[in-house]
Amino acid sequence: MMDKQVEFLVKLRDAVLMIADAANEFIDSLAPPEVKEKNQASAVQEINFTTLRFEPQQGAKLGDFEVAYKQNNLQDKWQSAYNILRNGNATIKDRYHGEGYQYSYWLYGEDKIYRQKLKPKTAT
């Protein structure tokens, strides 16, 4: 009996998070371009991405990076992260990250989310 209650609450929580993400995406789509640039600094929390299972990779040009494959992750978590990156137009040249992020994120190809460790900022 208790397992069903926990399962229900987890599903309810996940549904509410998906609704909140959808509302935020819609609100962002209504904002003028100058506001969108300002809001990039206030990106969603990185937890939306760190809950995914990433696999280490290495490339000649990129060096070390990681990939989260759709089939290796929970559907709702992966889709939520994918939607954030898609709506943010995250590409390898224009990666998605916010204040305090450990990684930058982008999309390339189908059913894959990429990330790479951010380099620490140097004081000038």
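Colleague: Which residues have the most contacts inside the largest nonpolar core?

Modeller: Keep in mind that this is a predicted model. The largest nonpolar core has 19 residues, and those with the most contacts inside it are Phe49, Leu52, Leu85, Tyr96, Tyr105 and Ile113.

Colleague: And which strands and helices each supply at least two residues of this core?

Modeller: Strand S2, helix H4 (75-87), strand S3 (103-107) and strand S4 (112-117) each do that.

Colleague: Back to Phe49: what is it in contact with, leaving aside neighbours within four places in sequence?

Modeller: Val44, Phe54, Ala81, Ile84, Leu85, Tyr96, Tyr101 and Tyr105. Leu85, Tyr96 and Tyr105 are also named among the core residues with the most contacts.

Colleague: OK, where is Thr51 found?

Modeller: Thr51 sits in the loop between helix H3 (47-50) and S1.

Colleague: How many Å separate the C-alpha atoms of Thr51 and Trp78?

Modeller: 8.8 Å, with the two residues 27 apart along the chain.

Colleague: New topic. How do strands S1 and S2 run, and how many bridges join them?

Modeller: S1 (residues 55-59) and S2 (residues 63-69) run antiparallel, joined by five bridges. They form a hairpin with three residues between them.

Colleague: Last one: which residues form the nonpolar patch on the surface?

Modeller: Phe8, Leu9, Leu12 and Val16, with about 400 Å² of accessible area together. Leu12 belongs to helix H1 (residues 2-30) and is partly exposed, at 41% relative accessible area.

Technical notes
Residues numbered from 1 in each chain as written. Predicted model: local features only at pLDDT ≥ 70, side-chain atom pairs only at ≥ 80, totals over all residues. Heavy atoms only, no water. Pairing = 2+ DSSP bridges. Helix = DSSP H or I, 4+ residues; strand = E, 2+ residues; numbered from the N terminus. Patch = residues over 30% accessible without salt bridge, like charges linked within 9 Å, V, L, I, M, F, W, Y side chains within 5 Å. Areas by Shrake-Rupley, 256 points an atom, 1.4 Å probe, with all protein chains shown as cover. Salt bridge = Lys/Arg side-chain N within 4 Å of Asp/Glu carboxyl O. Buried < 20%, exposed > 50% of the residue type's maximum accessible area, 1.4 Å probe, protein only. Core = buried A, V, L, I, M, F, W, Y, C linked by side-chain atoms within 4.5 Å. Contact = heavy atoms within 4.5 Å.
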